[in-house]
Every structure is written in C-alpha cells, then in structure tokens.
Amino acid sequence: MRSERLYRTEAIVVRRRDQGEADRVLTLCTPLGKLAVIAKGVRKVRSRKAGHLELFAHTRLVIARSRSSWDVVSQAETVEPHAILRGDLIRGTYARYVAELYDRFVAEGEGGEPLFDLLRRTLGYLCEAEPGRETALLVRAYEQRLLTLAGFRPEWGHCVGAQEGRTCERPLKAEGNEPLGLDAERGGVLCAGCYQAHRKQRGIVSLSPAALRLLRACQRQSFARMRSYPAEPALLDEVERAMRHYVTHHLERNVRSSAFLRRLKREDGT
Ligand SMILES: [Zn+2]
C-alpha cells in the first residue's frame, strides 16, 4: 500500500530556528509525536503561513512527506494563538520552560496524544493564570505529569532508600518537621531515617514534609485545584529547587529556561 504524500495534524510549535535564506525548521509537539518539519519561505515579509507558525501557537497543519529531508509544511491555520505567552515576560518565561522540558524529555518520533494534550492545556492555563503564585503552581503540576508520561515518574508515596542491602519502602509521612531527602538517582524521596543515614551522599538533598505534600498534590490533583493550593513563596521556592535538582539530574544538564527564571526572580527581589 502506498503511503499518502500529505498528512494532517494539530501541532504546537515548541522550538524554531532559521534555516537558509528564508526558511525555518520547527520542532512540533503533535498527537503523532514530536516532529521536526521545515516551513519554506516563512521569513519572507509576504509569507501567509508565518502568522500561523509562531512559537507556542496551537495550529492545524497539512504536511508533505519528504524522503530526503524534513517534511514540509504545506498549509497552516491557527487554532489558538496563545499570543500573551509571547507578549508577557513572566508568562513567556514559564511557557519557554514548559516547551523546553517537553523538547528535552521527548525524543523525535516519540510522545503522542497525552503529551500533546498536556502541553496544549498547560499553555492554555498559563494564558489565563495570574503571573506569580498561580503560574508557578501550574508549572509544578505540569512537571509531575510530563515526568510521568515520559517515564520518569517520581515516587512520592514510599521511601526509595535502602539500608544494609534491603530496600526500605516505608510509607512516607508528609507531616511534622523532620527533614526527608530527595534522591534524584533513585527517583524519589527518602524517609527521615534513610535521609539521616545517606545525607552525605552526592545527589541527595533535603526536602521538607510540606514540600512533599505539595509535590504529591501536583501529581494527583487537577490543574484547577492546584491553582488555589495554599503555598507560601518559601515553600514554592523549595519545591522549585527540588524539581530543578530532579530534572537536571535526569537531563544531565541544566534546563536553560529554568536558569533564566531564577535570574528573573533574583532581579525581581522575590
Ligand atoms: Zn527509608
């Protein structure tokens, strides 16, 4: 059976780079998986497609298959422009982080409808949410979902530690003040006892019970409920740092947008 030369898909543009004189290579999050395609002539002033292929925009595309190079965007039509994410500095920074996390954790040709839906919904929420506490909570909830779908689901329920060759697996209590540990290598949290035994080891950082409570909520509760989660700035900072530790460990290098966010916060004095 001969495959069709053209195919249709919805897509979100997660990365763009210039190519040649007037073209652009786009990295797309689609229900078919992550794709790289080329939009020809899109940097020319008169391009009709350009307005439909902005960063973070949700578009409907017709794409022509190519055997020798990138597939070529043949038609583009905006579904949801998400324009505020390109105009507002704070929202834009979170959107870049969200898109970059997808790009780093999902390989080309991988991913599918659940990841596309997650990214589409998260960008939609970022457009509506109040910049600050609400956007921060949404991004933390997004991280938990993305990591789960990408196969890096953190374990927030039972201790991931081991002592004297035996795994601990004790149910974790997210209460009191005794510090727990975040062990990125083992993919989860250490109970107070395992943390005390291993705290000097590289890659293990402390985590408060309140932070564990918030991370659990991020993994289990809806976006709508997370927006109103009662979290003080200090707790949000702790959870952001913990997730940066977890994410960087698994990516083995820093996420650029996350560093940019930290810089912004310092400049902001918050
Ligand atoms: Zn333990």
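Trainee: Are Cys191 and Cys194 buried or exposed, and what makes them count that way?
Mentor: Both Cys191 and Cys194 are buried, which means that the relative accessible area of each is under 20%. Please keep in mind throughout that this is a predicted model.

Trainee: How do you know which residues are the protein donors of the zinc ion?
Mentor: A donor here has to be an N, O or S atom within 2.8 Å of the metal. The SG atoms of Cys159, Cys168, Cys191 and Cys194 lie 2.3 Å from the zinc ion, and they therefore fall within the cut-off of 2.8 Å. Along the sequence, these donor residues follow the spacing C-x8-C-x22-C-x2-C.

Trainee: Why is the arrangement around the zinc ion called tetrahedral?
Mentor: Four donors count as tetrahedral if all angles lie between 85 and 135 degrees. Around the zinc ion the four donor atoms subtend angles of 103 to 118°, and the arrangement is therefore tetrahedral. As a reference value, the ideal angle for four tetrahedral donors is 109.5 degrees.

Trainee: Why are strands S9 and S10 said to stand at the edges of their sheet?
Mentor: The sheet in question is open and has three strands in the order S9-S8-S10, paired antiparallel. Strand S9 (188–190) and strand S10 (204–207) each have a single partner strand, so one side of each is left without a neighbour in the sheet. From one strand to the next, the twist averages 40°.

Trainee: What is the strand order in the closed barrel?
Mentor: The barrel has five strands, running S1-S2-S3-S5-S4 with mixed pairing. Neighbouring strands of this sheet are turned by 50° against each other on average, direction ignored. Helix H2 (residues 89–105) packs on the sheet, where it touches S1, strand S2 (23–30) and strand S3 (33–39), and its direction makes about 85° with that of S2. Helix H3 (residues 113–128) lies across S1, S2 and S4, at about 60° to S1.

Trainee: How do you know that S4 pairs with both S1 and S5?
Mentor: Strand S4 (residues 58–64) pairs in the antiparallel sense with strand S1 (residues 6–19) over seven bridges, and in the antiparallel sense with strand S5 (residues 71–80), also over seven bridges. A hairpin of six residues joins S4 to S5.

Trainee: What makes S4 count as mostly covered?
Mentor: Six of the seven residues of S4 are buried, a term that means under 20% relative accessible area.

Trainee: Into which domains is the protein chain divided, and how far apart are their C-alpha centres?
Mentor: Domain 1 covers 6–80 and domain 2 covers 132–270, and their C-alpha centres lie 35 Å apart.

Conventions:
Residues numbered from 1 in each chain as written. Predicted model: local features only at pLDDT ≥ 70, side-chain atom pairs only at ≥ 80, totals over all residues. Heavy atoms only, no water. Pairing = 2+ DSSP bridges. Helix = DSSP H or I, 4+ residues; strand = E, 2+ residues; numbered from the N terminus. Axes fitted to C-alpha atoms, helices over the stretch in contact; angles between N-to-C directions. Contact = heavy atoms within 4.5 Å. Donors = N, O, S within 2.8 Å, 3.2 Å for Na, K, Ca; no water. Tetrahedral: all angles 85-135°; square planar, octahedral: opposite > 155°, others 65-115°. Buried < 20%, exposed > 50% of the residue type's maximum accessible area, 1.4 Å probe, protein only. Domains from an automatic or database assignment.
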